[in-house]
Amino acid sequence: MTTATTDERTLEELQRDHGPALLSFLLGLTYGDRQRAEDLAQETLVRAWLHPEAFDDAYASIRPWLFTVARRLAIDARRSRLARPTEIGDGVLAVTPDPADATATAEAALDVRAAVRGLSPEHRAVLVRLYFHGLTVNEAAVELGIPAGTVKSRSHYALRQLGRSLPGYRPPRRAGVARPRAGAPQ
């Protein structure tokens, strides 16, 4: 069983008559990505080759059919790209430390310890209780004998200081205080 396809001469005419407009349309749909637009135009022409019935006299012009197919292909391609995780280049992998590399981990730990030692005793005491002991803000406040607001403030300024001391460190966007544990009194 052979499948009917569009003849070569008709496809040449289609490409000549509608190719530039189709590519222009697809460039708009791909935000100017010429390579992607050309791929989609080629796939659209393959669909025209596989569907000779689209050339029947029932249509005044083949262009609406072509543009509909092209638009649907562009939508499918975009959905497919969004469904996959973002790919990263080799450059990112080259500078990303290997988690199994004990040297990099030890070096990072030394950097953090040195930066924490550079904090004032008050700021260091707050961070130790919140991040190393896992206390809530209220628990740290009781243990240190200071108001909870002071614990939050010292934590904020200590994290900012660490951010300046540690290259590549970015403090959390929100206040960097420990989250209360489940069932812990506030």
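These are my notebook entries on a predicted model of one protein chain.

**Ground rules**

I number residues from 1 along each chain as its sequence is written, and I use heavy atoms for side-chain values, with hydrogens and water left out. Because the model is predicted, local features need pLDDT of at least 70 and side-chain atom pairs count only at pLDDT 80 or more, while totals for chains, interfaces and linings use all residues.

**Entry 1: the overall fold**

I looked up the secondary structure. The chain has 8 helices and 0 strands. I took helices (H or I, at least four residues) and strands (E, at least two) as DSSP runs, numbered from the N terminus. In sequence order the pattern reads α-α-α-α-α-α-α-α.

Next I checked burial. I call a residue buried under 20% relative accessible area, exposed over 50%, and partly exposed in between (1.4 Å probe, protein chains only). Of the 186 residues, 26% count as buried. The chain exposes about 13200 Å², and carbon and sulfur atoms supply 54% of that. Accessible areas come from the Shrake-Rupley method with a 1.4 Å probe; for residues, only the protein chains shown count as cover.

Then I looked at contacts, meaning heavy atoms within 4.5 Å. Among contacts between residues at least 6 apart in sequence, 60% join residues at least 24 apart.

The largest one has 19 residues, and Leu14, Leu22, Leu26, Ala48, Ile62, Trp65 and Leu66 have the most contacts inside it. The helices in question are α1 (8-29), α2 (34-50) and α3 (63-83). Helix α3 gives the most, with 7 residues. Apart from this core lies another, of 8 residues, among them Leu119, Ala158, Leu162 and Leu166. In soluble globular proteins, nonpolar side chains tend to be buried together.

I then followed single residues. Leu66 is found in helix α3. Leu66 is buried, at 0% relative accessible area. Beyond four places in sequence, Leu66 touches Leu14, His18, Leu22, Thr44 and Ala48.

His18 sits in helix α1. Is His18 buried or exposed? His18 is buried, at 14% relative accessible area. Its contacts past four places in sequence are Ser61, Ile62, Arg63 and Leu66.

**Entry 2: the α1-α2 loop**

I looked at Thr30 and Tyr31. Thr30 lies in the loop between α1 and α2, and Tyr31 is placed in that loop too. Thr30 is buried at 9% relative accessibility, whereas Tyr31 is exposed at 71%. A polar atom of the Thr30 side chain lies 2.9 Å from the backbone oxygen of Leu26. Leaving out neighbours within four places, Thr30 contacts Arg36, Ala37 and Leu40.

The phi of Tyr31 is near 55 degrees, a positive value in a residue other than glycine. Most residues other than glycine have a negative phi.

**Entry 3: helix α6**

Which residues of α6 (residues 121-132) are buried? They are Ala125, Val126, Leu127, Arg129 and Leu130. Their cover includes α7 (137-144) and α8 (148-165). Just after α6, Gly134 takes a positive phi of about 75 degrees.

**Entry 4: salt bridges**

I counted a salt bridge as a side-chain nitrogen of Lys or Arg within 4 Å of a carboxyl oxygen of Asp or Glu. The structure holds 6 salt bridges. I noted these, including Arg9 with Glu13 at 3.7 Å, N to O. Both lie in helix α1, 4 residues apart, about one turn of the helix. Arg9 is exposed at 61%, and Glu13 is partly exposed at 32%.

Another joins Glu43 and Arg47 at 3.0 Å, N to O. This pair lies in helix α2, also 4 residues apart. Glu43 is partly exposed at 30%, and Arg47 is partly exposed at 32%. Arg47 is 8.8 Å from Leu66, C-alpha to C-alpha, and 19 residues away in sequence.

Arg16 forms a salt bridge with Asp17, with the closest N and O atoms 3.5 Å apart.

How values were computed:
Core = buried A, V, L, I, M, F, W, Y, C linked by side-chain atoms within 4.5 Å. Polar contact = N/O pair within 3.5 Å; in protein donor to acceptor, adjacent residues only side chain to side chain.
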